[in-house]
Structures are given as C-alpha cells and as structure tokens.
Amino acid sequence: MSDDLILSFPVLKTESGDFLESIVYTVDAVQHQNDRKLIVTHSLKGESFIAELIKNNKARFLVTLFYKDNAERQNFICDDWEYDEDTGEVGAEQNIDIDFSYAPEVSPCIVTINDEEVVVNEKSGLTDFWKGEVFNIDSFARIAHHFKLQFTSGDVSSLLNVRCEEEYQSGSIKTKVIETAGEGEQPITIVCAQDVYDELKKQVTDAPFDAVTAMRKAIITQILCHVYAHMNSLESKKDIHSGLLKHMEMVASKTGENWEDDNSFNASLAATKIAPYAIDALNKENK
Amino acid sequence: MAVYKAIDNGTWDNFGKVLLSNKGSDRQIEFLQSCRDGKDAFLQYLDKNIFNEKDAIISGKGVFFNYKFTEAEFRFPPVDTQKIIWEIFQDVPRQNMGSCGFWGSVIIDMIKHDCISPDYLASNVNGVSETGIYMLDSAINSNESKKIDDCVRRILRSMGNSAPRGKRIIFNDFYLGKAYWRWNWSSSMSNKISLSFEEILNTLDEKGYAEFSAKMHTGKSYISQTNTLGGLLLFLNKNPGTLVKNMKKIIDNLSYLSIWKAIEVQPPELNQVEIEKIAGNI
C-alpha cells in the first residue's frame, strides 16, 4: 500500500532510490525480559537533510510499540541525539519499560515536528533527480522508515519459555505449544523437572565433548523439531505466530528432510541433521 | 508485577476446541446438561475436563466479586454495574485483562461464589423468553446440531474462552470484558482530551464501543493509539450521527494517512481537524 503513495518529498527507506547509497538508517532493539526493558538504538549515517533536521531539533526518532494481544500501541519520541563527527553518524538510544511479559512489535521511524521547507543542495543526501528542488514537508511526516522489528532471528529465547515443575520426576520434560500466540509472545513452553531445568539453564559455550554435553546441546533442537513437525501437520497455517512459522521454515530447510511426508517423516532423525541449538540461546533473556 | 490466578491459555483454548470439534455431539450435550443442572454439576464437569490436567491452573492472586448479578445485568451490565466491574479490576495489570485464561478463572470463581448461576452463560436475553434456562432446554431437547453447537459457543463466549472467535473475544463478545475495556478507555481518554469521562462513556455506548473494539482487534489497531482515538472521539462528540454512517470509511482513510503521517504523535485536536477534512470528502 505504501508503494502506491506519491509524496511530494523524498522518504528514506529500503530501496526507495531517492537517497544516495551512503545514507543509511538502521535500528537495533534488545529486549531484557527479566527487568522488562527494551533498548532501542537508532543510527542515521551520512550527510542528509534528515540528519540536519534532527541536529536542529526539527525532526525526531520515534518508535511505536504494538502489544498484539491487547491491541495496545504506545509511542516513544526520542528527544536526545548524539552526533559523531568522525563517522558522520547521528545516533540515539531509547530505554523503554515494557508493560507486558512479552516483547512488542517495534516500528521505528523519523518524523518532522513542524512544517518544513527543504531546499536541495549537495549536502541533502539525495540523488540528482531532486537537484535544485524545493519541497515542503508537513508536520509529523515520516521522513525515514525502518522495517518492523520482530525478534525472530537466531535467538530462540524469543520463542521458548522454560518453567520448572518441582513435582515432576527427575528427567521429565513436557512441551506445550500455542501456535496462535501473539507477536512477541513465547509460543513454546517447556515444563521440566528440576534436574532438567538446571541443565537447561547452564551456560554452554564450548563445543560438546562427551555424550552428556552432546545430549544437553541437542535437547532444544529435538524439542523444536517435534513442535515444528506438529505444526507442519496442521491443515491451516493462517493463524500461526509469524516468528514460529518463519523459524519452522528455516529449521525445516536446514535439516534437508522431507517434512511434507507425514508417514515417513521422523522429527527426531531430522533434529540430528542440523547443528544443534546451543543451550545458551535459551538464556539470552538473562541479562 | 503481581501474578494472578488464571487457567493456562493452552489448556483453556484446547478445552473449547475439543467441545466445538463435533457439532451436536454427545460431548456437547453432556456439557449443556451439566450447565443446566446447576452449580455443582457444572463445576464437577469442569473439574473432570479441565482441572484434571496437571498444569491447568497458574496459581496466583484471585479476584472475587462480592456482588450477586441478575441474569440481565450479567448479559448487559448497566452503568452502575460497569462501575462495580471496573472497581474490582482496576488494579489488575492490563495483560491479565486481555487474557482468556484469566477471565475464564474469574467466571468459574464467580459461579463457585454464587455471583452468577451457570445457566446465565447460555443467556441470549434479547427477548423475554431467551433466558439461559430456556436456551439450554431448547438446545438439549433439539435434534438440530447447529442449535446445540450455537448454545455451546454462546456459553464459551460468556466464559471468555478463545475457541469460538480467538483472543479478541475478550474485547468484542465477552460481557464483563467489554464492560471493563469500555470503562478503561473512557477513564484513560478523559485524561488525554477535553471531553469528560461521562461524555466519552456515552460516545462509547454499546454500539459505539462495538464499532471501535471490533476494528481495534481486526487489523485497524492504529486507532487504539490515544492521540488517534482522541481525535476520533472529539470528532464523534461533535458529530454523533457519523458513527454508523461513515465511521468505516473514515477509519480506512486514517489508515492511509497514517502510512506517511505520524498521526499517533500528532495532538488529538489536530487529528480531529484531519478527520473533519476526511469526513467532508466522503
């Protein structure tokens, strides 16, 4: 839909073509679940009219958080910024309290505060197409977009929640999955006995060196493969948690097994075909 | 954050899905009959079919009503009952208030403490004869699988179970949830815009709230941002007839506007002006 919009001013976004390649807007978000903090870091590189607007306090970094289950949206405007003269980078860090037990979707952008007139010159960071142009930007216009951040990459702690059940017999482990969990919510719960819980919480950074360490390392991969085998057998994948679905597709392709054949597919075998997930990937939330 | 007692969401959802898996089945009839037979039978049924599972309950602080509802009041809480509901839940974290498992546990405790009778859950009090008892008898003695299934769905919705319509049921269908969220919006928005709590509550009446909440939970959640909703409420307060007539188009146009303009940070008064322009062009 946004591609259909014809605006009278250039917007910085991936592959928009208006800006020089040296102008780059990146955002990182780190979630610390234990103390319910979200740290969002903005970085705008290269000389551009957007950087000038920020430096003159006429534009701001903005993040919108979306807690899907409650349809609650919150906005955080960043009033501070720092300029690094050596790298030509305008940066800012936002430290945001999370109101819910799961991470929200994070949508960053840069917005103007008032109506602005920009006269394009060699420092505007724009392609020749805009040379000599004078354009007017409305107040609160989004002049730079960034993709929505969803916490779906490599770190599987965003998908798994581990809980200890003291009454479970030693060695017991049970996995529950809510495929339709909200964005940012942990859809897989591992409920386990104290001894398994202790194993899972150990920080393992070295390569496995015996059967025990190999088993410890493989357990998460085994769980994920079994969960994904179950999900794969569902008739409709329409309502599945997007992070889970994306991760399932990635894991499935890495195993090289045929996940479509319900009769001969073996999740345990598939789990042995990929490099196991390190246990410490589970513990990223422990700051 | 205090932990509140709740039914595990997976267990709760699964309970509903199993019940809905076969229209008109013996399982559905058994469920309806237990509801018809009163408190003890219904609680025994739930014990057998939900709480027999080890991790079915997440233990924590309980929320108890010291109030006995009438059937009609449970189905359509009037303003004074909405106030009672709000006061009981106003300190509970919002995350719980959107959780099906939390509300399911609240409803079951309300039955245990005689605040409501299980047959209220089947109520369809739109006409004089459609009490819960009437609806249950009518379904149990019917050979129509759809009628039986409809009654089961109605009960599940009244308990905040997600199986019939997903998690949004709490905001859109479930009586206590709707009353709480309507009051919650009115309370929080009255601190953001120039309208009083009562004026906002009036705008968010049964029809107004239904219009907004349905959209907030079906892909138009950008209107739940306080500055955007504030603009809409200011506009509706001046133009009350617009709600049904043009609201859908206005919200669609706002969606388009929000792509390039950060209406979520633009003050509600300026959003009201934008909405007036949009309405003028429809």
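The model is predicted: local features need pLDDT of at least 70, side-chain atom pairs count only at pLDDT 80 or more, and totals for chains, interfaces and linings use all residues. Residues are numbered from 1 along each chain as its sequence is written, and chains are lettered from A and ligands numbered from 1 in the order in which they are written.

In helix α8 (residues 132–140) of chain B, the buried residues are B:Gly132, B:Met135, B:Leu136 and B:Ala139 (buried: 20 or more other C-beta atoms within 10 Å of the residue's own). They lie on the same side of α8(B) because their arc around the axis is only 95°, taken from the directions from the helix axis to the C-beta atoms.

In chain A, three strands form an open, mixed sheet in the order β11-β13-β12. Helices (H or I, at least four residues) and strands (E, at least two) are DSSP runs, numbered from the N terminus; strands pair if DSSP finds at least two bridges between them.

| Edge strand (chain A) | Residues |
|---|---|
| β11 | 160–164 |
| β12 | 173–177 |

Each edge strand pairs on one side only. The twist averages 20° from one strand to the next. Helix α3 (residues 211–232) of chain A packs on the sheet, touching β12 and β13 of chain A, and its direction makes about 40° with that of β12(A). Axes are lines fitted to C-alpha atoms, for helices over the stretch in contact, with angles from 0 to 180 degrees between N-to-C directions.

Definitions and conventions
Contact = placed C-beta atoms within 7 Å. Buried ≥ 20, exposed ≤ 12 C-beta atoms within 10 Å, placed from the backbone.
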